[in-house]
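Biologist: Hello! I have a new model open on my screen and would like to learn how to read it. Could you walk me through a few features, please?

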Amino acid sequence: MKIGIDIDDTVANTDERIIQEALKYDKEFVKGRGFKNKDAYTFMEKFYWNVMDVDGFMKVIRKGKFFSELNPIDDAVFYVNKLYDDGNEIYFITRRKNNFKTKMMTKKWLKKTGFKFHKLIMGGEDKGTMCKDLGIEVFVDNDERNVRKTEKNGIVSILKSTMYTKEVDDLTRYETWEEIYNYIKRVK
């Protein structure tokens with residue numbers, strides 16, 4: 001079975017760390033007003049930022065070591081590797097920019113943290129179409145929009161629960177990788 005898995009906030013603890021970096025960026029480069037809505041999902045909703053502020057912040061993040069210093073989500077390495085060892089093909093599909101530096105940093109992080117995988121797909125703007133074209137049979141992501149798009153393409157889709165998706169109750173949603181693993185085993 002081909003399994004597509006997002007990286008940020010699906011197998012990597014990105015949100016908490018990126019918010020810390022965003023607060024520093026806000027203080028140093030924007031107006032330093034802090035949160036507009038701490039619980040919002042996008043940077044423009046969360047801070048008093050415009051598109052240029054978000055673009056500037058993402059450039060700073062991509063230039064540094066941010067993505068190479070993330071910690072994996074609790075049991076993600078164990079259960080993703082268990083899926084791999086069970087004979088599934090593991091495709092990491094991320095929205096991260098498809099440039100040489102980001103791709104090498106991401107590959108290095110996946111290997112350093114111990115993830116087993118077959119392919120890394122970068123620049124996944126439209127994950128629904130991408131998963132369909134790759135023949136992905138099961139897809140796991142923390143972004144509700146991506147899960148809905150893949151589901152519309154007939155792909156078994158799982159929403160990795162985050163603080164932003166706790167209220168979503170019309171999608172298959174799980175908190176832990178153990179739950180995700182057990183669900184995939186049942187689907188298989």
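Modeller: Let us begin with D86, which is partly exposed, with a relative accessible area of 30%. Buried means under 20% relative accessible area, exposed over 50%, and partly exposed in between, with a 1.4 Å probe and protein chains only. This is a predicted model, where local features need pLDDT of at least 70 and side-chain atom pairs count only at pLDDT 80 or more, while totals for chains, interfaces and linings use all residues. Residues are numbered from 1 along each chain as its sequence is written, and side-chain values use heavy atoms, with hydrogens and water left out.

Biologist: Where is D86 found, and which residues does D86 touch?

Modeller: Look in the loop between α4 (76-85) and β2 (89-93). Helices (H or I, at least four residues) and strands (E, at least two) are DSSP runs, numbered from the N terminus. Contact means heavy atoms within 4.5 Å. Leaving out residues up to four places away in sequence, D86 touches Y181, K185 and K188. D86 and K185 are 99 residues apart along the chain, and their C-alpha atoms are separated by 9.5 Å.

Biologist: Now D6, please: is D6 buried or exposed?

Modeller: D6 is buried, at a relative accessible area of 5%. You will find D6 in the loop between β1 (2-5) and α1. Not counting residues up to four places away in sequence, its contacts include F92, K127 and D141. From C-alpha to C-alpha, D6 and D141 are 5.1 Å apart in space, yet 135 residues apart in sequence. The loop between β1 and α1 also holds D9, which counts as buried at 17% relative accessibility. D9 has a positive phi of about 65 degrees although it is not a glycine.

Biologist: How do I read a pair of aromatic rings?

Modeller: Rings of Phe, Tyr and Trp (its six-membered ring) pair if their centres lie within 6.5 Å; planes under 30 degrees apart count as stacked, over 60 as edge-to-face and the rest as tilted. By this rule the count comes to 17 aromatic pairs. Take Y41 and Y164: their ring centres are 5.1 Å apart and the planes stand at 70 degrees, so the pair is edge-to-face. Y41 lies in the loop between α1 (15-29) and α2 (43-46) and Y164 in the loop between β5 (156-160) and β6 (173-174), so this pair ties together parts that are 123 residues apart in sequence.

Biologist: What kind of pair do the rings of F47 and W49 make?

Modeller: Their centres are 4.7 Å apart and their planes at 20 degrees, so that pair is stacked. F47 and W49 are buried. Ring pairs also link F47 and W49 into a cluster with Y25, F29, F35, F43 and F57.

Biologist: At what angle do α6 and α7 pack?

Modeller: Axes are lines fitted to C-alpha atoms, for helices over the stretch in contact, and angles run from 0 to 180 degrees between N-to-C directions. Helix α6 (residues 127-134) and helix α7 (residues 144-152) pack at about 40 degrees, with their axes 7 Å apart. Angles under 35 degrees count as roughly parallel, over 145 as roughly antiparallel, 65 to 115 as roughly perpendicular and the rest as oblique. α6 and α7 are therefore oblique to each other.

Biologist: Which residues meet there?

Modeller: K127, G128 and C131 in α6 meet N146, K149 and T150 in α7.
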